[in-house]
Amino acid sequence: MNTPHETDVLVVGAGPSGVAAAVMAASLGLRTVIVEAGAVGGKMHVIGALENVPGNWSTGPQLAEALAADLNRLQQAGRCSVMPGRAASVTGYDDWAELVLEDGHALRAQLIVVATGVAALAPPDADWISAPTGLSVLPLWRTKPADLSGRTYVLGGDRPLGTWLRTHPNSSTTLHVLCPSADEYKIAEVAGDERVRIVPISHVVLSPTAYGDGWSLQVTDRQGERKSYVAKTVLNNLGNTPAGLDGLASSEDGYCPPGKQHPRIRVAGDLRSAQFQRVTTAQGSGAEAVLAPYYASVLKPC
């Protein structure tokens with residue numbers, strides 16, 4: 001059969017969801033190419049603890065190593081290939097889908113699974129923080145207890161807070177978490193930890209101190225009362241922004257729901273929603289992104 005595509009399944013991203021998609025596609029006998037701009041495993045390399053992932057994994061790097069081994073096994077068997085590159089856009093057509101890389105190279109497939117995940121927000125990106133353009137704050141998840149000194153404030157109550165506490169169970173540092181109302185549903189899992197002080201806020205003005213040895217914070221609580229603080233340490237835990245591609249349909253929050261996409265373009269992993277950013281749900285969505293169109297006859301034998 002003369003087809004206009006070069007492979008059956010193109011997977012963009014080699015994190016947990018992308019590798020799950022590639023493994024599923026290969027198991028179905030589909031020609032599979034996975035495109036990755038960085039390291040296989042993605043953010044797994046910097047996650048210190050995996051408490052809610054089946055398989056007896058204790059750290060992210062362990063899982064990242066296993067994902068890389070999965071792809072190596074598939075490549076050696078001739079069932080999958082890995083291409084270095086950074087994707088720019090996707091387009092779906094009646095009989096195929098097209099992926100364009102930043103270098104202009106275009107690839108065609110019967111199905112494209114986009115598993116590009118999310119990128120970390122910086123303080124100036126958050127609508128509840130006023131901060132100088134370009135201001136960078138050390139991420140919580142890259143910080144060790146030995147790096148902390150003095151009163152420590154954490155910007156935002158995103159889920160890496162719980163991961164950090166599990167990674168460092170013996171740390172006695174008190175984390176003062178500045179928490180906007182939008183993060184309330186995320187902090188329930190750590191609310192009982194004695195090392196956490198939740199500070200409900202509506203707005204924060206953040207700037208370095210005059211001598212650059214600390215931080216100035218002007219905090220407005222949810223009743224409109226303002227207080228000023230000077231802190232030695234401020235850490236970024238603001239959450240993420242979707243790292244999607246041109247051509248994907250998105251909602252108002254920037255995420256890309258699967259139901260809004262072209263039938264030949266599927267999204268998987270963290271890119272789908274802010275509320276389902278877990279390793280296990282990412283893996284399941286990656287497998288489903290291939291399996292569902294396979295049974296719907298979107299993927300046809302060549």
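Trainee: Why does Asn 56 count as exposed?

Mentor: Its relative accessibility is 75%. Residues are called exposed over 50%, buried under 20% relative accessible area and partly exposed in between, using a 1.4 Å probe and protein chains only. Since 75% is over 50%, Asn 56 is exposed.

Trainee: What kind of model are we looking at, and how are its residues numbered?

Mentor: This is a predicted model, in which local features need pLDDT of at least 70 and side-chain atom pairs count only at pLDDT 80 or more, while totals for chains, interfaces and linings use all residues. Residues are numbered from 1 along each chain as its sequence is written, and side-chain values use heavy atoms, with hydrogens and water left out.

Trainee: Where does Asn 56 lie, and what is its phi?

Mentor: Asn 56 sits in the loop between β2 (32-36) and α2 (60-76). Its phi is positive, about 65°, although Asn 56 is not a glycine. As for the labels, helices (H or I, at least four residues) and strands (E, at least two) are DSSP runs, numbered from the N terminus.

Trainee: Now to Asp 8. How do you know whether it is buried or exposed?

Mentor: The relative accessible area of Asp 8 is 5%, which is under 20%, so Asp 8 is buried. Asp 8 belongs to strand β1 (residues 7-12), and six of the six residues of β1 are buried, so that strand is largely enclosed by the rest of the structure.

Trainee: How many bridges do β1 and β2 have?

Mentor: Four, again in the parallel sense; Val 12 has Val 35 in β2 as a bridge partner. The chain goes from β1 through helix α1 (residues 16-27) to β2 in a right-handed β-α-β crossover.

Trainee: What makes a crossover right-handed?

Mentor: With the strands pointing away from the viewer, the path from the first strand over the helix to the second runs clockwise. β2, α2 and β3 make a right-handed β-α-β unit too. Here β2 and strand β3 (residues 80-84) run parallel and are joined by five bridges, with Thr 32 partnered by Cys 80 in β3.

Trainee: What makes β11 and β15 edge strands?

Mentor: They belong to an open sheet of four strands, ordered β11-β10-β9-β15 with parallel pairing. β11 (196-200) and β15 (233-236) each pair on one side only. Inside this sheet, four bridges join strand β9 (residues 152-155) to strand β10 (residues 175-179).

Trainee: In what sense do β12 and β13 pair?

Mentor: Strand β12 (residues 203-208) and strand β13 (residues 215-220) are antiparallel, over six bridges. Pro 208 has Trp 215 as its bridge partner in β13. Both strands are in an open sheet with the order β8-β12-β13-β14 and mixed pairing.

Trainee: Why is the aromatic pair of Tyr 153 and Tyr 229 called tilted?

Mentor: Rings of Phe, Tyr and Trp (its six-membered ring) pair if their centres lie within 6.5 Å; planes under 30 degrees apart count as stacked, over 60 as edge-to-face and the rest as tilted. Tyr 153 and Tyr 229 are 5.5 Å centre to centre with 45° between the planes, so they form a tilted pair. Tyr 153 lies in strand β9 and Tyr 229 in strand β14, so the pair ties together parts 76 residues apart in sequence. Tyr 153 is buried at 3% relative accessibility, whereas Tyr 229 is partly exposed at 26%.

Conventions:
Two strands pair if DSSP finds at least two bridges between them.
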